[in-house]
Amino acid sequence: MTYYLQLLLNGMVAGSVYAMFAVGLTMVYGVFRFINFAHGELIAWGAYLVLLFYLEPCSLPLYAAVVPALLVTVLIGLAQDRFVYKPLRHSSHITLLIASIGLSYLLRNAIRLIWGSDLMTYGLGLTRGISFAGLSITWIQIAMVGAALVFLGFLYILLNFTILGKSLRAVSDNMDLADIMGISMKRIGLTVWLLASVFAGTGGILLALDTNLEPMMGLTNLIKAFAAVLLGGAGNVWGALLGGLFIGIAENVGVAFFSPGYKDFISFAVIILMLLFRPRGIFGIAGGVR
Amino acid sequence: MDYLLHIMILVAIYSIFAISLNLEMGYTGLYNFGHVAFFGIGAYASALLSLQGMPVWFSMVCAMMIAGGLGALIAVPALRLTGDYFGIATLVFAEMVRLFFLNERGLTRGPMGLPGIPRPSFIAEGVHGLPMYLVFCVILTILVFLVIRRVTTGPFGRALKVVREDEYVAQALGKNAFVFKIKAVTVGSVLAGLAGAQWAHYVSYISPGDFTLNETILVLLCVVLGGRGTNWGPVLGACAIVFFGEAVRFLPIPPDFGRFVAPIQGMVYGLILVVMMLKRPEGILPEYRSR
Amino acid sequence: MAVATAASAGDAVVGAVTPLTGKLAVYGEGFQKAMNLALDEVNAEGGINGMPMKIVFEDNNSTSKGSVSAIQKLITIDKLPVIFGPAASSNFLAVCPIAQQNKTILIGAESAAADITKCGSYVFRVFPSDLLQGIGVAELAKSLGYKEVVLTYINNDWGVGLADVFKENFKKEGGKILDEFAHEEGKTDYRSEILRIKRINPKAIVNLTYIKEGATLLRQAYEANMSTQWLMGSASKSPKLVELAGGAAEGVIGTYPTFSQETPEYKHYKDAWDKKYPGGKTPIFGEYNYDMVKLTAKALKAAKSMSADDIREALIAESQGFVGVTGDKSFDANGDCGATYGRWTVKDGKIVDYK
């Protein structure tokens, strides 16, 4: 029994980070109406940038290195929009998709160029997990869940209690109408990219703390984030959150029943099934940042 | 000289691969990002059959049929999806196929791959066989090119373009858009299977790692760069991509910088995709619009 | 089309397909350095009967496709009679048929897959086949008294092949495998796999994997509060394993094709290395690459001509009793060489031999 509980626990930890990725991805979809394939690279760059500031020559302590890393990640996110997505704003979905695929390939190989293809770590010491009730969890995993709670809580407050948040929801509901009502598209766009980048980058850093960094980490997590987004309905923030949790749990618990080699298969299967049978998501709300 | 033959064989094979994708993407507007799956299925099917002792030509024909059959099968549910969702679904499908190749060790030998794939019996093995293999590939490429050109400049091709531009208009004109799409995907998959089989018999060793997102991006580049909706476009794109990939081998790069070559190549590919979308989404060769 | 012969009259040229880019680049650099070290010595001693020896390096991007392209170039353009093959077994297996068909000699210094034995008469390796290591690991488990183990191995050519051989031998000795599964290369999270093992709570785990994956597994098992004896293979034997896994690697025992570090040949190699590349550690498999070049040079000197067939005869003859840094390199009928398997362990954060 503890076996399944432990799997569930691991799943919730993984799921909380996937939720952060999915929320950013779905918000971009909600406002701009396309899937940013390069979202994964924000995850990877967030993690790798910490290395840049943590190692020589900057040699900042780890927690201090996070700040400039996230700042630069935000800049990358904004640059993505400014140079590639904004000019293509009115092009077909496909053009945007291909451009974002190209962008993700570019950014991923840039990581390979700068840091090499090998696995890297932050080099923290080894710790035994904390044991309780037959289960075990590391403090980093606790931090992952904690950070997710804080960030998502903040998002909830933003969306429901601030003018900015409400404007965001209005824009994703109906961009033209919101424009007529005087909501600044520019500010909204900025906010969305800021949030998406920060969530992605932080999640990436947490993942890297928990495991390692490697150049494909952006792509592999993008797939999971996308599966979560589809589950919740594209554009639905809370759906994406639940979707992320679901994917995390399904992946971890699923291993009890079939070969670990097919673990990634879960996200793929979810994506295919959702696309085929329920593209609007389990919660059936199409579009709109709710 | 022999190396030039090697490059030309690659160009010929990739041309067929790109033409097949162009049929789906350029003409019919179906963004099949999982096209490499059919390339892989063709390769594995032909390799496995010929390693069992079947004559090569027979294996290749079977491989084409299997690829085409699977293509039609997948198309039926997948074509319910629109534009970019279809693209993502096919991309995910390709990854699932790759996982299948990787994990089903009993069938495909998994990561260990299939070595020793034979050449067609009328072509010698090794370097001696290169000119003949090139002739073989070029003949096939020319055949495919002519057939596709015939098909696309005729009423079928025009119908595909209408389906691409506006499905409702197509249906108003009495064309069953769905059936046309299925046909396009089936033909595209058959040809991708052919290209895959040709490739398998050429390199004599395949493994799941040969059919990844990387290859999808390469063939996408061929079509995007060369020009969608034209016939010479994908061939031009294939030439450009293969030459760029191999030419790098001859640049005098000091050994210390060797490790930068592949990432830089990758960055260039990504950049090309982005720039093409920004500046010239229709590709280098413009589509001929009959006015 | 001429059968492979040496390029220009002035030099004795051989080719090498090396992972200078791609995921094995970090090792490829070391291989190249070791080969160049041997090359310098050969040329300092007068080269090949007066001709300087040269190695043409071609990058394979650590892939099979790249290896095929590289060897095509070396065979068709440079027309080289001898080629030092790529590192990873799958890459090596991809080019074997090509070398064999073109009657070009292919020598491997790092590829362990058992299948390579069947590659053909022109294929040799100075690195022992896994057939032997599988037996070694099974014996290790038996000698330590473990009759029941969990087996996990990396899901690629090397891991799968080695695992198969281990299973066969372990079961033959009456051992029982409680659970077995492959783990994917390059993953950062093996917690599900760890949990599966923890549930069975075995006394020993046979983990046949590479350095990064091994380190991640060890770490995450430690974090999951698991205590067990890890038995590993040669691919994990590296200081980097200890660096990545820290205290979690303590007490791991493994096998590796061993060669004594006390021999004069080894001391000579180490001294020469330190002189040419001061401050650097000798790279993994560097000794094998060094021996490969030295043995090839010997064969080239003794060969009747620069044609592949003559070199092949000379290679077989010269290898008999040739004792390199890595021991006796006599080629058997299949072009394989023998090996003794020693044991290593991690003690106080260092890799030492296990007694």
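Author: Start with one cut-off. Buried means under 20% relative accessible area, exposed means over 50%, and partly exposed lies in between. Keep in mind that this is a predicted model.

Reader: Why is Q198(B) called buried?

Author: The relative accessible area of Q198(B) is 0%. The limit for buried is under 20%. Therefore Q198(B) counts as buried.

Reader: Where does Q198(B) lie, and with which residues is Q198(B) in contact?

Author: Q198(B) belongs to helix α9 of chain B, residues 177-203. Set aside the neighbours within four places in sequence. Q198(B) is then in contact with I13(B), I16(B), M60(B), Y133(B), C137(B) and L140(B). Contact here means heavy atoms within 4.5 Å.

Reader: Why is K79(C) called partly exposed?

Author: K79(C) has a relative accessible area of 30%. Buried needs under 20%, and exposed needs over 50%.

Reader: What is the phi of K79(C), and where is K79(C) found?

Author: Phi of K79(C) is near 50°. That is a positive value in a residue other than glycine. K79(C) sits in the loop between α2 (64-76) and β3 (82-84) of chain C.

Reader: What makes N225(C) partly exposed?

Author: The relative accessibility of N225(C) is 25%. N225(C) is not a glycine, yet its phi is positive, about 60°. Its place is the loop between α7 (211-223) and β9 (229-232) of chain C.

Reader: How do you know that helix α6 of chain C is mostly covered?

Author: Count the buried residues. Seven of the 10 residues in α6(C), residues 191-200, are buried. They are R191(C), S192(C), E193(C), I194(C), L195(C), R196(C) and I197(C). N201(C) follows α6(C), and its phi is positive, near 55°.

Reader: Which residues of chain C lose the most area to chain A?

Author: First, the interface itself. 29 residues of chain C are in contact with 29 residues of chain A. The area buried between these two chains is about 2500 Å², and carbon and sulfur atoms give 50% of it. In chain C, R191(C), S192(C) and L195(C) lose the most area to chain A, together 22% of what that side buries. R191(C), S192(C) and L195(C) are also among the buried residues of α6(C).

Reader: How much area do chain B and chain A bury between them?

Author: About 3500 Å², with 80% of it on carbon and sulfur atoms. Buried area is what the two parts lose on being put together, summed over both. The contact involves 39 residues of chain B and 39 residues of chain A. D84(B), Y85(B) and M267(B) supply 17% of the area that chain B buries against chain A, more than any other three residues.

Reader: What is the pattern of chain B along the sequence, and how many helices and strands are there?

Author: Chain B has 12 helices and two strands. The order is α-α-α-α-α-β-α-α-α-α-β-α-α-α.

Reader: Why is chain B called as compact as a globular protein of that length?

Author: The globule rule is 2.2 Å times the number of residues to the power 0.38. For 291 residues it gives 19 Å. The radius of gyration of chain B is 19 Å, close to that value, so chain B is as compact as a globular protein of that length. Its C-alpha trace spans about 55 × 45 × 35 Å along the principal axes. Of its 291 residues, 59% count as buried.

Reader: How many helices and strands does chain A have, and what makes chain A as compact as a globular protein of that length?

Author: Chain A has 11 helices and two strands. They run α-α-α-α-β-β-α-α-α-α-α-α-α from the N terminus on. The C-alpha trace of chain A spans about 55 × 50 × 35 Å along its principal axes. Buried residues make up 60% of the chain.

Terms used: Residues numbered from 1 in each chain as written. Chains lettered and ligands numbered in written order. Predicted model: local features only at pLDDT ≥ 70, side-chain atom pairs only at ≥ 80, totals over all residues. Heavy atoms only, no water. Buried < 20%, exposed > 50% of the residue type's maximum accessible area, 1.4 Å probe, protein only. Helix = DSSP H or I, 4+ residues; strand = E, 2+ residues; numbered from the N terminus. Buried area = accessible area lost by both parts, 1.4 Å probe.
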